[in-house]
Amino acid sequence: MSSGLSLPQTLAIMVSGAGSNLRAIVEACEGRRLSLHPTVVISDQPAAPALAYAREAGIAVLPIPIRNYPDREAWERDLADHLAALEPDLVALAGFMRVLSPDCVARFAGRMVNIHPSLLPRHPGLHPHRQALKAGDPVHGATVHLVTAVVDAGPRIAQIRVPVMAGDDETALIERTKSAEHRLYPLVLEWIARGRLALTADAVFQNGVKLVEPILVNDLI
Ligand code: GRF
């Protein structure tokens, strides 16, 4: 984005796995429910189904496998250099399974968002659905948040809730949560694209007012 006044137009998406959120985002763009242009899909996993889907969808892909580098720092520097050179207005992490260092995150401050499958601040980190089941939570969900130096702790932008049903196992809860994620992520990106939400390095503004609590998207509870 050339100036703080212009609206974001281009989107880079970073993935490691199945790519169901990527698909939801791309389908929203194709269906004109999301007015961003996905310009590149980057992955640390060259064989990720997400990358195969991106190729089929005609989006440029950039596999950057860590094994091609002498160490993690070299890998991350190259990844960040590539990403910066592409100058995306927004970067959406969609199941990108590596933690980015504070230095790397700082290069994309105010334009990198992530989706995490829990109602943050509950259950950050790995296996959030398992954590929710273990805690006996009656309600679970997903959060889109700004990426900052601390993992899963950036300002929360929006959340969607799902019920935890009697007899749910981890797989069932993952699937139910993912369906909700697919509604939430494109919607939030569209709010940013339209300027309804604005991001800074450490805050989110809704129509000019700093967001204190995440927006609760009409959900399935
Ligand atoms: C999603 O649950 C997302 O919230 C988390 O990783 C998972 C990625 O799934 N960060 P997919 O690759 O989008 O299907």
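Visitor: Is the crossing in which α1 passes α6 left-handed or right-handed?

Guide: A crossing is called left-handed if the near helix is turned anticlockwise from the far one by less than a right angle, and right-handed if it is turned clockwise. In this predicted model, for which local features need pLDDT of at least 70, side-chain atom pairs count only at pLDDT 80 or more, and totals for chains, interfaces and linings use all residues, α1 passes α6 in a right-handed crossing. Residues are numbered from 1 along each chain as its sequence is written, and side-chain values use heavy atoms, with hydrogens and water left out. The names are those of DSSP runs numbered from the N terminus, helices being H or I over at least four residues and strands being E over at least two.

Visitor: At what angle do the axes of α1 and α6 cross, and within what distance do they come?

Guide: Two packed helices are described by the angle between their axes and by the distance between those axes. Here the axes of α1 and α6 come within 9 Å and cross at roughly 45°, which makes α1 oblique to α6. An axis is a line fitted to C-alpha atoms, for helices over the stretch in contact, and the angle runs from 0 to 180 degrees between N-to-C directions. Angles under 35 degrees count as roughly parallel, over 145 as roughly antiparallel, 65 to 115 as roughly perpendicular, and the rest as oblique.

Visitor: Which residues of α1 and α6 meet?

Guide: Contact means heavy atoms within 4.5 Å, and by that rule Ser20, Asn21, Ala24, Ile25 and Ala28 in α1 meet Lys178, Glu181, His182, Tyr185, Pro186 and Leu189 in α6. These contact residues divide into six nonpolar, three polar and two charged, where Ala, Val, Leu, Ile, Met, Phe, Trp, Tyr, Cys and Pro count as nonpolar, Asp, Glu, Lys and Arg as charged, and the others, Gly among them, as polar.

Visitor: How do the axes of α1 and α2 cross?

Guide: The axes of α1 (residues 20–30) and α2 (residues 49–56) come within 10 Å and cross at roughly 20°, so α1 is roughly parallel to α2. Their crossing is right-handed, and in it Leu22, Arg23, Val26 and Glu27 of α1 meet Ala50, Tyr53 and Ala54 of α2. By class, this contact has five nonpolar, no polar and two charged residues. On the strand side, α2 lies across β1 (10–15), β2 (37–43) and β3, and runs at about 155° to β3.

Visitor: Which residues of α1 are buried, and what do they pack against?

Guide: An α-helix has 3.6 residues a turn, so residues three or four places apart point the same way. Buried means under 20% relative accessible area, exposed means over 50%, and partly exposed lies in between, using a 1.4 Å probe and protein chains only. In α1 the buried residues are Asn21, Leu22, Ala24, Ile25, Val26, Ala28 and Cys29, and they pack against β1, β2, α2, β5 and α6 (170–193). After α1 comes arginine 32, whose phi is positive, near 60°.

Visitor: Where is threonine 177, and is threonine 177 buried or exposed?

Guide: Threonine 177 has its place in helix α6, and it is buried, with a relative accessible area of 0%. Leaving aside neighbours within four places in sequence, threonine 177 is in contact with Pro117, His129, His140, Gly141, Ala142 and Val162. As for α5 (residues 128–135), its axis and that of α6 come within 9 Å and cross at roughly 115°. In this contact His129, Arg130, Ala132 and Leu133 of α5 meet Glu170, Leu173, Ile174 and Thr177 of α6, which gives four nonpolar, two polar and two charged residues.

Visitor: In what order do the eight strands of the open sheet stand?

Guide: Two strands pair if DSSP finds at least two bridges between them. The order is β3-β2-β1-β4-β5-β6-β7-β11, with mixed pairing, and the edge strands, each pairing on one side only, are β3 (60–63) and β11 (215–216). Strand β4 (residues 90–93) pairs with β5 in the parallel sense over three bridges, and leucine 93 has asparagine 114 of β5 as its bridge partner. By contrast, β6 (residues 139–146) and β7 (residues 156–163) pair in the antiparallel sense over seven bridges.

Visitor: Which way do the residues of β5 point?

Guide: In a regular strand the side chains alternate between the two faces of the sheet. From β5, Met112, Asn114 and His116 point one way and Val113 and Ile115 the other way, and all are buried.
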